[in-house]
There are 2 protein chains.
Amino acid sequence: MTAYNPPAQDVAFILKHVLRVQDRQDPANYSMVDEDIIDAVVHEAGRFCRDIVAPLNTMSDQQGCTRHADGRVTTPEGFAAAYRAWTESGWGTLAQPEEWGGQGMPHALFTVIEEYLNSSCAGFTMYPGIMAGAVATVEAAGSDELKAAYLPKMVSGEWLATMALTEGHAGTDLGLMKTAAVPQDDGSFALSGEKIFISGGDHDLTENIVHLVLARLPDAPAGTRGISLFLVPKILPDGSRNGVSVGSIEHKMGLHGSATCVLNFDGAKGWLLGQPHQGLAAMFIMMNAARLAVGVQGLAHAEHAYQRAAAYALDRKQGRALGQRPDPNSAADSLIVHPDIRRMLMDARAFAEGFRALVLWSAVQIDVSHGASDPQERKRADALVSFLTPVIKAFGSDRGFEVAVNMQQVLGGHGYVTEWGMEQIVRDARIAMIYEGANGVQALDLAARKTAKDGGQVALGFLHMIAGECEAADPSLAFIADPLGKAVHHGEAAVKALLEHAGANPVDMAGGAYAYLQLIGTLAVGWAWLQLASTAKAMLDAGEGDAAFLEAKLATARFYAEQQLPLCTALRHRVKAGAGAMMALTPEQFLRG
Amino acid sequence: MTAYNPPAQDVAFILKHVLRVQDRQDPANYSMVDEDIIDAVVHEAGRFCRDIVAPLNTMSDQQGCTRHADGRVTTPEGFAAAYRAWTESGWGTLAQPEEWGGQGMPHALFTVIEEYLNSSCAGFTMYPGIMAGAVATVEAAGSDELKAAYLPKMVSGEWLATMALTEGHAGTDLGLMKTAAVPQDDGSFALSGEKIFISGGDHDLTENIVHLVLARLPDAPAGTRGISLFLVPKILPDGSRNGVSVGSIEHKMGLHGSATCVLNFDGAKGWLLGQPHQGLAAMFIMMNAARLAVGVQGLAHAEHAYQRAAAYALDRKQGRALGQRPDPNSAADSLIVHPDIRRMLMDARAFAEGFRALVLWSAVQIDVSHGASDPQERKRADALVSFLTPVIKAFGSDRGFEVAVNMQQVLGGHGYVTEWGMEQIVRDARIAMIYEGANGVQALDLAARKTAKDGGQVALGFLHMIAGECEAADPSLAFIADPLGKAVHHGEAAVKALLEHAGANPVDMAGGAYAYLQLIGTLAVGWAWLQLASTAKAMLDAGEGDAAFLEAKLATARFYAEQQLPLCTALRHRVKAGAGAMMALTPEQFLRG
């Protein structure tokens with residue numbers, strides 16, 4: 001089986017030709033980015049992931065993590081060495097703040113590495129993957145003392161972190177959580193309670209682990225308005241062990257390399273991050289970063305699965321071509337001759353390449369929202385990122401899983417057995433639809449908070465922007481611009497239906513929320529394809545670039561237009577239908593007799 | 001967690017009220033069926049599956065099958081005892097031919113048991129699940145001596161069977177197979193070769209195993225026209241061990257209770273079934289039965305997953321209802337109040353209940369095709385079954401898997417960890433889309449052999465029948481009859497597009513085949529819902545039956561009409577689009593640089 005190959009040509013095309021990040025001078029840190037830097041990230045970071053991280057993938061799935069009798073947790077063989085290599089490589093500090101030892105480069109560049117890492121070994125990536133959000137949270141909410149004590153080692157990767165939210169009875173509904181934080185005389189707090197599903201809750205990669213923990217102060221109001229955020233290190237500043245221990249490691253469907261822990265806090269010492277009872281706002285700094293990263297995971301799994309399936313389809317001979325046979329003397333042709341195999345592979349390309357462009361564009365918008373010189377531009381970018389965050393998280397993880405399942409299908413029976421690696425990708429990819437807010441919760445966020453709340457302003461603005469680009473498109477791009485323009489009308493109608501539901505009966509809005517998210521996702525990726533096709537066309541006309549690569553972009557854009565955009569009609573219908581039929585049954589009618 | 005509960009009320013409603021099988025006198029064996037017999041199957045066989053088979057499910061996934069150093073294969077603990085109970089129960093012989101010791105009842109009744117068994121423990125069901133097809137194959141193609149020697153013990157369940165088709169280099173493309181059969185002086189054949197992916201290739205449930213093996217005679221023409229079928233027992237009539245051995249057991253994503261073997265034939269003694277070089281035709285008797293059974297597996301996984309998710313959604317409290325709160329004093333409401341949870345549960349019901357009705361109707365058609373007194377009626381039923389077989393196999397397994405994934409989503413993080421059992425259902429359900437002909441192969445079969453070959457006659461006849469029932473429907477059923485009637489037009493347009501493609505360029509037909517299958521599946525289940533709704537409405541009007549149950553049917557029919565039927569437009573577009581964009585890339589363009 002061909003090993004994972006970082007999609008360097010595709011990433012470079014998006015960064016250099018579609019987004020032209022080397023030409024940006026604003027935000028200020030973009031002035032550091034030239035084509036050499038892009039090449040270094042695209043190729044050198046790719047090499048690191050391929051050579052150091054990807055070899056861990058299969059073995060870590062089989063071996064998993066172990067909690068020993070003394071409570072220690074060990075990760076799969078090779079993880080600790082690979083993590084050392086990661087911190088030494090410097091890639092982890094690329095987009096971290098210069099003030100704390102980072103390189104201060106754009107988030108957009110680090111997003112490329114996030115994709116590569118997750119394709120290479122998602123279980124390994126769970127450990128460093130959380131650090132951008134953890135650093136941002138401590139930076140935004142920590143006292144000067146906490147920042148000075150923790151950020152340099154978090155940025156360098158000497159220490160890792162967790163986000164400790166979930167409790168056994170409180171998953172999505174954080175308002176139900178019970179972990180208690182009791183103020184101490186020295187200004188610290190003593191935390192007691194049990195957290196579950198804590199990724200990297202303990203491990204042998206770093207000496208210290210910085211737990212960011214949601215808990216309640218004694219005077220806390222009920223519900224989510226009574227939650228505070230605390231920094232609770234595994235090892236206290238005096239070198240002693242804090243009162244945090246691992247109760248057990250969860251047995252999961254996949255992602256076995258990631259130690260998912262039940263964490264017990266027994267009077268553990270912690271310090272408040274931000275204001276009392278404002279913990280959720282502080283945690284959302286981390287959560288939003290994590291949600292975008294989960295979308296990138298979906299992309300990474302799709303890309304990895306695609307590569308393995310494409311290699312198999314080129315190699316494996318089964319059946320004969322329906323039309324002209326490539327090799328009349330052989331008893332069978334490669335799977336790649338079969339239209340239905342092509343359909344699955346093209347769908348994978350159409351998702352991975354289009355979604356990659358959308359994600360990298362969004363990452364640039366994050367940089368703009370943080371650092372552009374014009375406050376209006378920052379505000380506009382922030383609104384777009386906020387709107388697209390649930391879409392990237394949910395649409396990316398849904399489609400990433402779906403693509404992984406289809407790529408498993410390309411291998412037939414070999415896709416179902418362990419040795420070909422495909423079934424692991426499916427198992428690993430499944431969790432992305434659940435964690436950091438299940439995809440149904442993302443849909444409700446998009447519908448209620450990101451669309452209905454502002455009367456659809458940002459949503460319609462986004463759709464109008466797409467419509468405008470469709471109208472302005474070169475006639476040679478009509479094969480995508482026309483159907484995309486029509487599909488945008490379905491999007492607009494869906495926004496209007498959603499707003500009506502929101503006014504009349506929010507239950508109907510919620511009933512259509514999932515279809516609405518799928519519709520926005522389908523349009524957003526369609527828009528990315530219009531841009532990819534437009535750039536490819538311009539380069540081909542100018543005689544620039546790799547013609548085979550650029551022509552494949554045009555063909556894939558056409559495939560997307562033919563196969564995915566027609567779904568928008570049905571999705572609009574679903575948004576309009578509301579929740580009447582969904583809510584008609586009594587709870588008891590759901591049980592079987 | 002609530003254990004699996006056979007959906008007896010739903011099955012009884014379909015058999016007694018929708019299909020009214022107790023009123024049929026033709027085929028002759030339907031005259032044996034009265035309401036008591038239906039109740040016995042629906043309830044008593046359900047009890048057997050729930051009490052004896054379902055308790056094996058979790059443990060068998062964890063334990064799997066073992067090949068010991070001496071080559072013996074053992075199944076998970078409890079399988080042998082449960083299998084003994086199964087043969088003693090008599091349920092296995094229900095629809096087997098009376099001539100060989102069976103009870104000769106309709107296939108439709110046994111289909112109910114197939115669903116129950118697969119919901120209870122799919123890994124266990126793999127062993128007896130193959131027997132209906134194996135018996136039919138030996139009955140149709142075996143010599144009188146072979147029938148007398150093997151059928152009584154196969155029917156009684158004293159011996160089990162396998163279908164040994166696949167070889168390492170020859171999966172879907174059976175024409176490439178190499179296993180050789182050399183004629184012996186005594187009229188038997190000596191078989192040598194390696195078969196892979198053989199379900200139940202060896203085990204400890206029965207003393208003897210009857211392998212039905214495809215192989216080539218020395219004078220065989222190349223390709224599929226040179227394949228013959230042989231009966232190769234594990235134990236020879238003289239009590240000695242035949243030259244068949246297990247090379248290894250595959251490590252699979254799921255279905256761990258089923259021993260999937262590499263089988264080595266080393267001059268193993270076998271006897272020809274049917275004519276030389278006509279093995280594929282004989283094997284297809286078995287294969288078609290297996291394909292329908294795989295569709296039933298999809299249904300079974302969906303039902304099982306639904307039940308677990310519904311029980312969880314009723315029990316687990318997270319978040320608050322958007323509208324009126326069922327319990328204003330509690331800090332959170334059950335998940336069942338949330339429209340997005342309802343959406344997933346209703347989708348599961350809409351698939352499981354509608355597809356169950358379609359499958360049971362098809363099973364009656366199988367009985368009609370075998371045993372109706374009128375040859376025209378037999379022929380018509382046979383054509384319909386032949387048309388719907390790939391749809392039931394592929395649409396059933398696709399949607400069954402999709403529902404299992406959605407039901408896993410209802411449990412959030414608990415769906416991803418092993419202890420709640422949901423991730424096992426997803427892993428077990430995945431294989432159904434692959435084995436017995438991958439779903440892309442089913443789509444091609446539907447498009448080419450079952451639609452284009454007869455100029456769309458059966459396909460259009462099926463669609464016209466649905467259209468007629470939509471027009472004749474009571475106005476109170478317009479909520480489903482109208483959208484279904486419109487959706488059928490998309491189906492007709494798709495058939496026409498497919499026929500045009502078939503004439504002009506079969507590659508375009510193949511490119512749209514998958515969407516075509518999804519379209520026919522969506523319409524067929526929609527048609528089932530029209531019948532379910534129509535029956536429910538009539539009973540409600542007459543004041544008969546369980547009103548809550550019947551009203552749920554009407555609500556679920558409406559949900560199906562609102563959520564699933566709108567997809568038909570997009571699917572029609574895909575059929576029309578053909579394969580142009582799919583085939584545009586060179587094979588090399590599929591590789592990443």
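This is a predicted model: local features need pLDDT of at least 70, side-chain atom pairs count only at pLDDT 80 or more; totals for chains, interfaces and linings use all residues.
**Ground rules.** Local features here need pLDDT of at least 70 and side-chain atom pairs count only at pLDDT 80 or more, while totals for chains, interfaces and linings use all residues. Residues are numbered from 1 along each chain as written, chains are lettered from A in the order written, and side-chain values use heavy atoms, without hydrogens and water.

**Entry 1: the contact.** I looked up who touches whom (contact means heavy atoms within 4.5 Å). Chain A puts in 101 residues and chain B puts in 100 residues. I then checked the buried area, i.e. the accessible area (1.4 Å probe) that two parts lose on being put together, summed over both. That comes to about 8400 Å², with 61% from carbon and sulfur atoms. On the chain A side, Tyr416(A), Phe590(A) and Arg592(A) supply 12% of the area buried against chain B, more than any other three residues.

**Entry 2: charges.** The rule finds four across the interface of chain A and chain B. In one of them, Arg592(A) pairs with Glu353(B) at 2.7 Å, N to O.

**Entry 3: which part of chain A?** Helix H10 of chain A, residues 339–371, gives the largest share of the side touching chain B, namely 10 residues. Helices here are DSSP runs of H or I, at least four residues, numbered from the N terminus.

Key. A salt bridge is a side-chain nitrogen of Lys or Arg within 4 Å of a carboxyl oxygen of Asp or Glu. Helices (H or I, at least four residues) and strands (E, at least two) are DSSP runs, numbered from the N terminus.
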